Amino acid sequence: MSLWTSAQIQDLQDFGNRKEGTAVRKDARGPDFTLISIEGHVDSFAPNSDLRVNFYLPRSDPGQDDSSIFVEASELVDSEHYLMLSSPKLKWQSGDLKNFGPWPTHDVIDRLHINASNLAIRAGRRIDVSNSLYSPAFVCTGKCDLATRTYTIHFKSGVDLNKLEVSVNDAAGRLLKNLNQTLVCDISAVSDCIKFPRDATRTFTLDMSAIPAGKYQVHLIGRQPNTTDTTAMSFSIYNHP
Amino acid sequence: MTSKRRLRTGVKWLVGGLWAATTLTILVLLQIHPRTSVQASLNLAEISFWTSAQQLLSPLAEQQLLVSGIAAIDLAGPELTVEINGHTQHAGGTLRFIGHQSSSCSFYRVESSSLRLTQPMTHLTLVPRESTHRGDDFTFRSHGAVTAELTTQPRSGQLVSAFECDNIGPADRDGGEVSGTFSVSGGDSAVVTSAPDAQLDFRGTTGSSIDDTGIRIANPIRFSHIDPGPPSVEKSTLLDSSAAAKNQIIFTALPNRAISLEKGDLLLISPGKEFYLKRFETAPGEMRAVLQGSVQDVQSGAGPADLHSQMPSLFDHLDSWKRFYSVIPAIVGLVLGVLEKMGLLPKT
């Protein structure tokens with residue numbers, strides 16, 4: 001059934017404000033991290049819903065226009081190769097708060113049987129080919145509560161990790177020690193436990209409620225078991241007002 | 001004279017017609033590839049398929065079982081000690097925790113039952129891993145919920161059966177960190193029901209091999225994975241043949257008809273009515289799979305644009321029916337006899 005459905009939604013179809021369909025996602029191969037989703041909140045939704053994505057972005061720097069703003073959606077666990085890319089031709093709202101829609105689920109999401117709990121969302125502004133400023137996205141079906149500043153980050157590692165160190169710097173490069181996290185196996189039940197298995201989508205939360213709005217740099221350092229090898233990634237995030 | 005010439009002309013047309021009809025029949029038979037039976041023996045890096053099976057894998061004992069994507073876990077044990085968001089509770093009974101797609105758990109030193117697949121159709125990916133420690137490692141991905149029943153092991157020195165979870169919580173509370181230890185004497189139980197999409201990583205499996213038999217395959221199966229791009233490339237998951245274990249597909253209905261496959265060959269099998277993963281067993285980084293049953297098509301090639309059907313034609317099937325050819329002289333004799341009786345054959 002699902003194979004048949006996927007066959008009907010091969011590649012990306014143009015729906016005006018977005019391209020949506022199936023495409024193979026570029027995931028980490030080897031030791032790199034892949035950022036899967038950065039979200040403030042995702043409403044659970046029923047079939048035939050109309051989704052809206054809300055996110056904040058600071059005023060753009062000179063040389064940046066609306067075409068650099070993006071919304072991307074995929075799956076937390078990539079089962080159907082679902083992908084949605086907002087159109088670079090979109091005209092965005094002039095204020096900090098951006099709203100993307102309409103995004104009717106009956107076009108693709110319902111046909112691929114993708115649940116809200118497996119929906120991955122990334123929004124922000126592309127700085128250059130390899131760097132983006134991510135803004136935690138709020139996916140809503142109706143009125144959207146944008147109050148939370150505790151964000152959920154979903155990621156994937158190309159190798160097994162027994163430890164993940166998360167640190168945050170502000171725009172001036174200062175380390176915010178109170179946001180440091182070290183995620184390890186709490187129970188030493190086996191000598192070489194794995195906290196984050198390779199290729200599995202895993203999650204950590206970033207509580208930025210106590211720090212001012214603005215741009216921040218998040219650093220991830222993963223430690224591999226039984227070696228001194230590490231894997232690392234950094235990304236920019238916008239903590240909304 | 002005229003009637004003789006007419007007769008000769010008729011015979012010429014008859015013989016020519018028979019030749020043309022035979023040639024046309026052979027051409028048609030070569031183009032028809034009927035459903036047939038195969039047995040495929042393959043060395044693989046991984047395998048992905050849709051199945052209607054309701055359970056999978058033989059019971060295993062593992063040092064660590066990681067589950068990514070959890071709907072619920074039910075724990076039961078007389079000495080169960082649980083810590084929820086840093087607060088210790090000596091539960092000693094039964095406990096239920098609710099999770100979601102982003103929830104994950106690690107279980108240490110447990111024995112797992114066969115996995116129960118709760119959907120009518122489930123997409124599975126099985127990936128044997130290079131082991132980094134004692135025992136085998138193995139990754140199981142499921143598109144469709146899976147239930148695993150775990151039993152804890154008795155304490156061994158400092159090593160205890162234990163668990164730790166992220167983003168789960170009691171039904172009436174928000175998710176958080178939950179961890180705990182099971183009874184020292186072992187025998188506690190944990191029933192894990194996965195989210196609709198889940199990954200189970202078995203680490204350090206010992207004492208039994210990771211294997212199973214008789215798994216029904218429901219849809220076309222491609223022995224490949226997508227190497228993300230750009231551009232995305234479909235890569236074969238076939239590994240090298242060994243002297244003891246060759247990559248080959250035997251067409252069981254046709255004696256001596258088999259195809260050999262090499263590492264890197266892309267292979268596609270479209271099942272017929274009944275097609276099974278007859279058995280598989282894993283070793284570090286590889287698996288040996290035997291698939292058997294009826295197939296509609298078998299295609300292989302160097303890449304996605306080079307796939308060609310390897311199915312025997314109807315002509316091959318007829319060719320294998322030795323008795324069919326013993327009938328041909330009898331049919332020819334019958335036709336000649338009829339022509340003779342009708343006086344249509346020239347007198348010598």
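Mentor: Strands count as paired when DSSP finds at least two bridges between them. A strand is a DSSP run of E with at least two residues, and a helix is a run of H or I with at least four, both numbered from the N terminus. This is a predicted model, in which local features need pLDDT of at least 70 and side-chain atom pairs pLDDT 80 or more, while totals for chains, interfaces and linings use all residues. Residues are numbered from 1 along each chain as its sequence is written, with chains lettered from A and ligands numbered from 1 in the order in which they are written.

Trainee: What makes β1 and β23 of chain B a pair?

Mentor: Nine bridges join β1(B) (residues 36–44) to β23(B) (residues 286–301), and the two strands run antiparallel. The rule asks for at least two bridges, so they pair. Within this pair, B:Ser37 has B:Ser294 as its bridge partner.

Trainee: Why is chain B called more spread out than a compact globule?

Mentor: The radius of gyration, taken over C-alpha atoms, is set against a globule rule of 2.2 Å times the number of residues to the power 0.38. For the 348 residues of chain B the rule gives 20 Å, and the radius is 31 Å, well over that, so the chain is more spread out than a compact globule. Its C-alpha atoms fill a box of roughly 115 × 40 × 40 Å along the principal axes.

Trainee: Why is A:Lys163 called partly exposed?

Mentor: A residue is buried with 20 or more other C-beta atoms within 10 Å of its own, exposed with 12 or fewer, and partly exposed in between, with C-beta atoms placed from the backbone. A:Lys163 has 18, so it is partly exposed. A:Lys163 lies in β12(A) (residues 163–170).

Trainee: What makes β7 and β14 of chain A edge strands?

Mentor: The open sheet has six strands in the order β7-β4-β10-β3-β11-β14, with mixed pairing. β7 (97–104) and β14 (202–207) each have a single partner strand, so one side of each is left without a neighbour in the sheet.
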